[in-house]
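Colleague: Could we go through the side-chain contacts of this model together? I would like to see how each call is made.

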Amino acid sequence: MTLSVCLIVKNEREVLGRCLNCALKFADEIIVVDTGSTDGTAEEAKKFTSEIYFFEWCDDFSAARNFAFEKAGCDYVMWLDADDVITDENCAKIKALLKEADFDAAYLLYAAAADGDNPTFEYYRERILKRSRNFRFEGAVHEAVSPSGKIIYSDAVIFHKKIKEGEPLRNLKIYQKQIARGISLDERSKFYYGRELLFNGMYRESIAVLEHFLKGNGWVENKIEACLNLYYAYTAIEEDENAFAALLKSFLYAPPRSEACCILGERFMAANDVNSAIFWYQSALSAKYPPSLGGFVNRDFCGFIPLMQLCILYDRLGDYEKANAFNEEAGKIKPLNKNYLSNKKYFRERLGKRNKIND
């Protein structure tokens with residue numbers, strides 16, 4: 001089966017070549033839609049493809065992506081962002097996936113916020129879609145496709161590697177323009193609007209939107225995330241009781257997620273309730289969440305953070321062997337982390353002295 005890779009871009013000259021060099025390894029066609037670049041992005045794109053189009057920006061990411069899909073001519077269409085990177089191993093997986101493709105939509109893991117080479121934030125996204133099904137993006141911001149038919153989950157990974165930060169208020173302004181025009185936000189857009197308010201420090205506004213979202217019939221994964229976002233928003237305005245209630249409300253939708261467990265561990269740790277803190281950090285390690293459920297997964301909360309905190313807690317109890325064991329497990333995840341290395345030196349001295357006394 002053939003594959004059209006589609007990108008919408010604006011002022012991405014610095015990273016576009018990096019992305020398109022990856023796409024060349026599995027794409028039969030590359031389509032680049034420029035939404036108003038002034039830095040030579042289109043000229044860079046010409047080094048890789050002749051399929052370059054221009055789209056007048058209208059504050060609607062879905063409109064731009066759907067325009068790009070309409071230019072595709074292959075059996076399947078795939079979307080990428082200019083700052084996406086795909087390793088040779090994952091390029092081969094994508095190529096193999098298309099060799100005898102028999103699906104309507106393929107979800108691939110999206111990995112971002114990397115710490116070195118290890119992604120700390122990941123989630124599945126609908127990436128490769130059968131063109132004949134005429135799937136369409138929806139949502140002016142945080143656009144997404146609602147696939148149907150035969151859906152598969154691939155182990156291919158796409159790494160999102162920014163080299164510069166985007167305009168922080170861009171998404172928020174788009175939502176606010178929609179509201180000003182009298183457009184009613186759907187449940188998904190309410191959730192993301194609340195998050196944008198939170199990220200931009202508008203905590204009380206974020207609380208109002210997210211609390212309203214929780215009263216609707218939004219997706220359960222978004223509701224869990226909204227509860228965590230509310231925890232951070234209420235904490236920022238020092239309403240601790242409301243923050244705690246929002247955190248616990250996330251337990252109404254699913255078993256506790258690792259991030260919630262770590263937050264509880266931190267609260268008990270700050271109160272010097274060591275045993276309760278240990279319980280919640282252990283719970284964070286044992287919490288199972290398959291990424292195929294579709295929600296956001298911060299891997300630090302699933303491993304490195306609880307391991308490092310358990311190291312500290314057992315050190316407080318004087319159980320240095322156990323504390324050292326947790327530190328070593330954390331080091332397997334982030335071997336160059338300065339806190340892990342500092343702890344390693346500390347335990348080498350601590351356990352060394354202890355062994356000498358025992359001798």
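Colleague: Happy to start. Are Trp79 and Phe137 buried or exposed?

Modeller: A word on the source: this is a predicted model, where local features need pLDDT of at least 70, side-chain atom pairs count only at pLDDT 80 or more, and totals for chains, interfaces and linings use all residues. Residues are numbered from 1 along each chain as its sequence is written, and side-chain values use heavy atoms, with hydrogens and water left out. Buried means under 20% relative accessible area, exposed over 50%, and partly exposed in between, with a 1.4 Å probe and protein chains only. By that scale, Trp79 and Phe137 are both buried.

Colleague: Thanks! How many aromatic pairs are there?

Modeller: Rings of Phe, Tyr and Trp (its six-membered ring) pair if their centres lie within 6.5 Å; planes under 30 degrees apart count as stacked, over 60 as edge-to-face and the rest as tilted. With this rule the count is 20 aromatic pairs.

Colleague: And which kind of aromatic pair do Trp79 and Phe137 form?

Modeller: Helices (H or I, at least four residues) and strands (E, at least two) are DSSP runs, numbered from the N terminus. Trp79 lies in strand S4 (residues 76-80) and Phe137 in strand S8 (residues 137-138), so the pair links distant parts of the chain, 58 residues apart. The ring centres of Trp79 and Phe137 are 6.4 Å apart with 80° between the planes, which makes the pair edge-to-face.

Colleague: Why is Phe121 partly exposed while Tyr123 is buried?

Modeller: These two rings also form an edge-to-face pair, Phe121 and Tyr123 being 5.7 Å centre to centre with 65° between the planes. Tyr123 counts as buried because its relative accessible area is 15%. Phe121 counts as partly exposed because its relative accessible area is 22%.

Colleague: Which residues do ring pairs link into a cluster?

Modeller: Both pairs above have their members in it. The cluster consists of Phe69, Trp79, Tyr110, Phe121, Tyr123, Phe137 and Phe296.

Colleague: Over which ring does the charged end of Arg350 sit?

Modeller: A charge sits over a ring if NZ of Lys or CZ of Arg is within 6 Å of the ring centre and within 35 degrees of the ring normal. Lys334 has its charged end over the ring of Phe304, 4.8 Å from the centre. For Arg350 the distance to the ring centre is 4.4 Å, and the ring is that of Tyr320.

Colleague: Which residue forms a salt bridge with Arg127?

Modeller: A salt bridge is a side-chain nitrogen of Lys or Arg within 4 Å of a carboxyl oxygen of Asp or Glu, and the structure holds 21 of them. The closest N and O atoms are 3.4 Å apart, and the partner of Arg127 is Asp84.

Colleague: What separates Lys93 and Glu89 along their helix?

Modeller: These two form a salt bridge, the closest N and O atoms of Lys93 and Glu89 being 3.8 Å apart. Lys93 is partly exposed at 26% relative accessible area, and Glu89 is exposed at 55%. Because Lys93 and Glu89 are four residues apart in helix H4 (residues 88-99), what separates them is about one helical turn.

Colleague: Lastly, how exposed is Arg204, the salt-bridge partner of Glu239?

Modeller: The closest N and O atoms of Glu239 and Arg204 are 3.5 Å apart. Glu239 counts as partly exposed because its relative accessibility is 27%. Arg204 counts as exposed, its relative accessibility being 54%.
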